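Trainee: I would like to go through this model term by term, asking what stands behind each label.
Mentor: Then let us set each value against its definition before we conclude anything.

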Amino acid sequence: MKNNQNDMNIIDLLSHSRHDWMNKLQLIKGNMSLQKYDRVQDIIEEIVIEAQQESKLCNLNMPLFASYLMTFNWFSHHFTLEYEVLGDIKSISHYDEPIAKWSKEFLDILDNTVDYSGENHVSITLNTGHSNEEGIRFFFDFEGILKDKEQIKNWFERSGNHSIQVDELEISTYQITVALSLR
């Protein structure tokens with residue numbers, strides 16, 4: 001298997017996807033054999049929500065960003081990632097490359113600065129708004145343990161982008177909150 005998301009081919013993608021589905025089916029099967037039907041229902045609901053979020057993400061016409069997020073947890077990182085799309089579904093393809101690049105750089109630097117022994121988690125929320133007048137906003141929330149807050153702060157000082165504006169930034173040893181708007 002390739003260890004870089006950019007190097008994946010169709011067979012790799014299908015293999016990872018099949019592996020994910022087999023894990024989900026094993027969870028359902030195991031809980032059914034234990035007669036934990038409430039847990040089975042919860043697992044199915046989680047699968048449905050995840051599929052709905054994948055669909056929303058794909059319908060934004062941002063293939064670089066969508067493929068990066070959807071395959072992120074297939075690779076070795078020091079945190080897990082989840083995402084959610086809120087608001088109306090609309091094509092925002094012109095933001096694909098800048099937000100994919102910014103996200104990859106941010107998550108790479110974060111991967112290098114977290115405490116590897118901690119339970120680290122990143123949640124990304126993309127809010128497209130409910131009208132064309134509302135701006136597109138991205139929220140990145142990290143919870144875990146940072147080894148080097150200064151490296152993160154320095155990255156933000158150097159990471160200017162003409163189409164991405166950092167509206168809010170809070171960094172502590174156990175949390176990072178970033179709000180971005182796109183121009």
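**Values against definitions**

Mentor: The protein chain has 183 residues, for which a compact globule would have a radius of gyration near 16 Å, and its own value of 18 Å agrees with that; the radius is taken over C-alpha atoms, and the globule rule is 2.2 Å times the number of residues to the power 0.38. This is a predicted model, in which local features need pLDDT of at least 70 and side-chain atom pairs count only at pLDDT 80 or more, while totals for chains, interfaces and linings use all residues. Residues are numbered from 1 along each chain as its sequence is written, and side-chain values use heavy atoms, with hydrogens and water left out.

Trainee: What makes up the secondary structure of the protein chain?

Mentor: Five helices and five strands, where helices (H or I, at least four residues) and strands (E, at least two) are DSSP runs numbered from the N terminus. In that direction the elements run α-α-α-β-α-β-β-α-β-β.

Trainee: Why is Trp102 called buried?

Mentor: Buried means under 20% relative accessible area, exposed over 50%, and partly exposed in between (1.4 Å probe, protein chains only). Trp102, which lies in helix H4, has 4% relative accessibility and therefore counts as buried. Across the protein chain, buried residues make up 38% of the 183 residues.

Trainee: Which residues is Trp102 in contact with, leaving aside its neighbours within four places in sequence?

Mentor: Contact means heavy atoms within 4.5 Å, and on that basis Trp102 is in contact with Phe140, Trp155, Phe156, Ser159, Ile164, Val178 and Leu180. For the protein chain as a whole, among contacts between residues at least 6 apart in sequence, 67% join residues at least 24 apart.

Trainee: How do you know that the buried residues of helix H5 lie on the same side of H5?

Mentor: The buried residues of H5 (residues 149–158) are Ile152, Trp155 and Phe156. They cover an arc of only 100 degrees around the axis, which puts them on the same side of H5; the arc is that of the directions from the helix axis to the C-beta atoms. An α-helix has 3.6 residues a turn, so residues three or four places apart point the same way.

Trainee: What covers those buried residues of H5, and which exposed residues does the face turned away carry?

Mentor: The cover includes helix H4 (96–113), strand E4 (164–171) and strand E5 (175–182), whereas the face of H5 turned away from its buried side carries the exposed residues Glu157 and Arg158.

Trainee: Why is Gln35 called exposed, and why is Asn61 called partly exposed?

Mentor: Gln35 has 58% relative accessibility and so counts as exposed, while Asn61, at 38%, counts as partly exposed. Gln35 lies in the loop between helix H1 (10–33) and helix H2 (37–58), and Asn61 lies in the loop between H2 and helix H3 (63–71). Phi of Gln35 is near 60 degrees, a positive value in a residue other than glycine, and phi of Asn61 is also near 60 degrees.

Trainee: Which residues of H3 are buried, and what do they pack against?

Mentor: Phe65, Ala66, Tyr68, Leu69 and Thr71 are the buried residues of H3. They pack against H1, H2, strand E1 (80–86), H4, strand E2 (121–127) and strand E3 (137–143).
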